[in-house]
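Visitor: Please walk me through this model term by term, setting each value against the rule behind it.

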Amino acid sequence: MASATTSAVVDPKSSIAEERKAPSFPIRELTYWIDGGKRVTDTKERIMLELERDPLWKVSDHPNLTLGETRERAMSKVRRLADLATARPLEETMLRMTIVSVVDPGFWTRFGVHFGLFFGALQGQATPSQLGYWMEKGALSMQGITGCFGMTELGHGSNVAGLETTATFDEATDEFVVHSPTLTATKWWIGGAAHTATHCSVYAQLIVKGKNYGTKTFVVQLRDTKTFQLMPGVNIGDLGKKMGRDQIDNGWIRFTHVRIPRSHMLMKHTKVTHSGDVIEPALAQLAYGALIQGRVSMVSDSANVAKRALTIATRYASVRRQFSSGAPGSVETKLIDYPIHQHRLLPLMAQTFAMIFTAREVSANYEKLMGVLSDLGNQSKGAAADEAIKELKETHATSAGLKAFCTWMCLNIIDQCRQSLGGHGYSAYTGLAQAYSDFAVHCTWEGDNTILTLQCGRYLVATALDARKGMPLPANLSYLKAAISKDGSLSAKTCKGNSAEQVSSLETLKAAWSSVAANAILNAVRDFEAGLAKGLSKDNAYEFSSASRLHAARMHTYTYLLHRFVAQVDQSPAPLRPILTLLAQLFGVHSAVQHSGEFLQSGFYSGAQIETLKGFVNFACTEIRKDAVPLTDAFGYTDYVVNSPLGRYDGDVYEKYFELVTSLNPTKPVPYFDSLIKPLLERTNETDSGPELEIDQED
């Protein structure tokens, strides 16, 4: 009998080395461009090395830790990082936290609850004297105080205005009485509450002299800082095991008539005097500025996590060989050389670059806006105030849409990359199964994604209606001016050329996406007005148009991502422009093909032009495939940060994967052999055959 001929085996290290022989761009220069300069890259690499060499930051064994061990390990890192956070420059601390968010997202959450949420609430909502008081108490350095953020309740999440916890002013004692009046008023999902926090920034309804002034923020002590015993009237419990991020001790909190000094209400905006007078800010919208920060940061988080997922999947696809079209015994084909695998991964690469560059721009715009609002103070009138409020509303809506669609995009990237690893993607040791579980919460916290898209869609409808009245359009919606005719209908703009170069140029793609977004917004406006025509109230008309509002937000956000990507391409160094241009084209074209019906409906592309776009996707994937590994190298993550044997820089995936699995799971006697397996194997087959049948007796 003829023996089967096995394929020739190729060293995976040589397979990945082939990928780096002739990149079309300077890899290091792209790393600098992504990071924001050589200085940032150098600092980032120093931080990654420090983490890798610190025994506290061992991460390779995370899959085998119990819930208790996971939380204890996370807490052991808190002091080290707290000391660094106060001793090092702010820019370095922020960069360190960015890297930590990829290395150990659960710890990043546990640490960030205090510094980002609790202390962030103090920074954003306390008066200067209040902030100074809490800093003296140790709020910044975590010396004497560890904080948590008490917004979400068992019965309320996204609807902050509907929170049930109350803070009632007692004029006789100059105190607020914080109370959970119902079960659903229980604070829920509060990170750090179960084991760690001594204080909480509690969001509660401000009630003074029987009048409800809406949700405000109060600092409530949860535990005695010396004995760690719960304060009178405070009940806390542990929410236990979660889908991911078990490093954070999420808990529930109930308040039973807990008294706090009046000065523990954060009064940067709304103020309450000792006599019970309530002074509300001239610009109430300023209180929302701090909430935008979390949404903006999650655009960056999405890009950073997607970079890691693509590094693992792309490097593995460059060393994994499967099947061969040649003669028996010939070398098998790399996964990355299959066109379908290129289509599987490389459009995700383009999406990731779109998020990278959008995150850079939106973060810069947010910081600039916060500076303007800070300089404005409580000034409520004048052109500067009007412009600032307009900009704040635009940033609020844009960040809502970006947070939703970028986190959805990243979660899909993680799972598609995980699936591309085949069976190995299901292993906890290859890095992406846990990444998916850890990242999924981004689609819910800081605002449920669907609710945020509706907020964005509502803003788009309102802005389009204002534009009809002759009001100027904000910068991010300036494309409506060219896309909408004077009568309010969609202008008849079409793609004039038919060649691949013409239909896929960046300028054409910008015009195409602007047309589609404008059409989606106009459809949402029509649905809203149809609701009004039915006699619905304004709010109910918005609900009536919710599906079209969500779609408008999706189209607008994709348009925004493309425009920001193209802007960064135009600013990029000349040696990087060809590859970045191709990636931007792939992002715009692949997304257009996925939503081809929208482009046909708007009339911008014809059916034949859509077919040309599909051909361009094939071309772009073939071209970008040549640079696939160098592009992941430019992300600049060390093997420590990648933390996956399948994503190693040197390609030695099988040896390192085998070593990791066997070292963390040494062979031992089966603990339940005697109690379960042996009785199973040794059980008898004696069975009751039942009564004798009369029919058998006749024989």
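Guide: Two strands count as paired if DSSP finds at least two bridges between them, and strands (E, at least two residues) and helices (H or I, at least four) are DSSP runs numbered from the N terminus. This is a predicted model, in which local features need pLDDT of at least 70 and side-chain atom pairs count only at pLDDT 80 or more, while totals for chains, interfaces and linings use all residues. Residues are numbered from 1 along each chain as its sequence is written, and side-chain values use heavy atoms, with hydrogens and water left out.

Visitor: What makes E4 and strand E8 a pair?

Guide: E4 and E8 (residues 251-255) are joined over two bridges in the antiparallel sense, and because the rule asks for at least two, the pairing holds. Lysine 187 stands opposite isoleucine 253 in E8.

Visitor: Which strands are called edge strands, and why?

Guide: The open sheet has three strands in the order E4-E8-E7, with antiparallel pairing. Strand E4 (187-190) and strand E7 (234-238) are its edges, as each pairs on one side only. From one strand to the next the twist averages 20°.

Visitor: Why are H15 and H17 called roughly antiparallel?

Guide: Axes are lines fitted to C-alpha atoms, for helices over the stretch in contact, and angles run from 0 to 180 degrees between N-to-C directions. The axes of helix H15 (residues 506-533) and helix H17 (residues 546-571) come within 8 Å and cross at roughly 160°. Angles under 35 degrees count as roughly parallel, over 145 as roughly antiparallel, 65 to 115 as roughly perpendicular and the rest as oblique; H15 and H17 are therefore roughly antiparallel to each other.

Visitor: What residue classes make up the contact of H15 with H17?

Guide: Its residues divide into 14 nonpolar, seven polar and three charged, where Ala, Val, Leu, Ile, Met, Phe, Trp, Tyr, Cys and Pro count as nonpolar, Asp, Glu, Lys and Arg as charged, and the others, Gly among them, as polar.
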